[in-house]
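Let's take a friendly walk through a protein model together. Please look at the sequence and the 3D view below before reading on.

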Amino acid sequence: MAFFIGWTFSATFIPRISDLWGRKWATIGTMIMQTAAIIAMNFVTSVYLMQGMMFIFGMACVGTRSI
């Protein structure tokens with residue numbers, strides 16, 4: 001659920017950022033954010049921190065899929 005909430009939340013501003021700064025930089029930024037979230041998910045020991053990482057991962061997936 002945290003993944004889809006993150007997706008919905010960032011779908012409102014990530015496309016606007018790509019319009020302002022260009023698709024290249026928005027895509028690179030979200031790919032870096034996605035990679036960091038995936039690496040952090042491997043080392044998380046708390047359920048709440050995992051939900052936070054899934055929220056960030058959902059935010060980053062908008063950039064790599066929707067732009």
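How many helices and how many strands are there in the protein chain? The protein chain has four helices and zero strands; both are DSSP runs numbered from the N terminus, with at least four residues (H or I) for a helix and at least two (E) for a strand. Read from the N terminus on, the order of elements is α-α-α-α.

This is a predicted model, in which local features need pLDDT of at least 70 and side-chain atom pairs count only at pLDDT 80 or more, while totals for chains, interfaces and linings use all residues. Residues are numbered from 1 along each chain as its sequence is written, and side-chain values use heavy atoms, with hydrogens and water left out.

## The overall form

The C-alpha trace of the protein chain spans about 35 × 20 × 15 Å along its principal axes. A compact globule of 67 residues would have a radius of gyration near 11 Å, and the protein chain has 12 Å, which agrees. (This radius is taken over C-alpha atoms, and the globule rule is 2.2 Å times the number of residues to the power 0.38.)

Of the 67 residues, 30% count as buried. Buried means under 20% relative accessible area, exposed means over 50%, and partly exposed is in between, using a 1.4 Å probe and protein chains only. Among contacts (heavy atoms within 4.5 Å) with a separation of 6 or more, 73% join residues 24 or more positions apart.

Which residues of helix 1 are buried? They are Ala-2, Phe-3, Gly-6 and Ser-10. Seen down the axis of helix 1, these buried residues fall within an arc of 105°, so they line one face of the helix. The arc is that of the directions from the helix axis to the C-beta atoms.

On the face turned away from the buried side, helix 1 carries the exposed residues Phe-4 and Thr-8.

Leaving aside neighbours within four places in sequence, Ser-10 is in contact with Pro-15, Gly-58, Met-59 and Val-62.

## Aromatic rings

Searching the whole structure gives five aromatic pairs. Rings of Phe, Tyr and Trp (its six-membered ring) pair if their centres lie within 6.5 Å; planes under 30 degrees apart count as stacked, over 60 as edge-to-face and the rest as tilted. Phe-9 and Phe-13 have ring centres 5.5 Å apart and planes at 75°, so this pair is edge-to-face. Phe-9 and Phe-55 form a tilted pair, with 5.9 Å from centre to centre and 35° between the planes. Because Phe-9 lies in helix 1 (residues 2-10) and Phe-55 in helix 4 (residues 47-66), the pair ties together parts that are 46 residues apart in sequence.

| Residue | Relative accessible area | Class |
|---|---|---|
| Phe-4 | 57% | exposed |
| Phe-9 | 46% | partly exposed |
| Phe-13 | 28% | partly exposed |
| Phe-55 | 26% | partly exposed |

Ring pairs also link Phe-3, Phe-4, Trp-7 and Phe-57 into a cluster. Elsewhere, the charged end of Lys-24 sits over the ring of Trp-25, 5.0 Å from its centre. A charge sits over a ring if NZ of Lys or CZ of Arg is within 6 Å of the ring centre and within 35 degrees of the ring normal.

## The nonpolar core

What makes up the largest nonpolar core? Seven residues do: Phe-3, Ala-37, Met-41, Val-44, Met-53, Phe-57 and Cys-61. Helix 3 (23-43) and helix 4 are the elements that give two or more residues to this core, and helix 4 gives the most, with three residues. A nonpolar core is a set of buried Ala, Val, Leu, Ile, Met, Phe, Trp, Tyr and Cys residues joined through side-chain atoms within 4.5 Å.

Apart from neighbours within four places in sequence, Phe-57 is in contact with Phe-3, Gln-34, Ala-37, Ile-38 and Met-41. Gln-34 is found in helix 3 and is buried, with a relative accessible area of 13%. Not counting residues up to four places away in sequence, Gln-34 touches Phe-57, Ala-60, Cys-61, Thr-64 and Arg-65.
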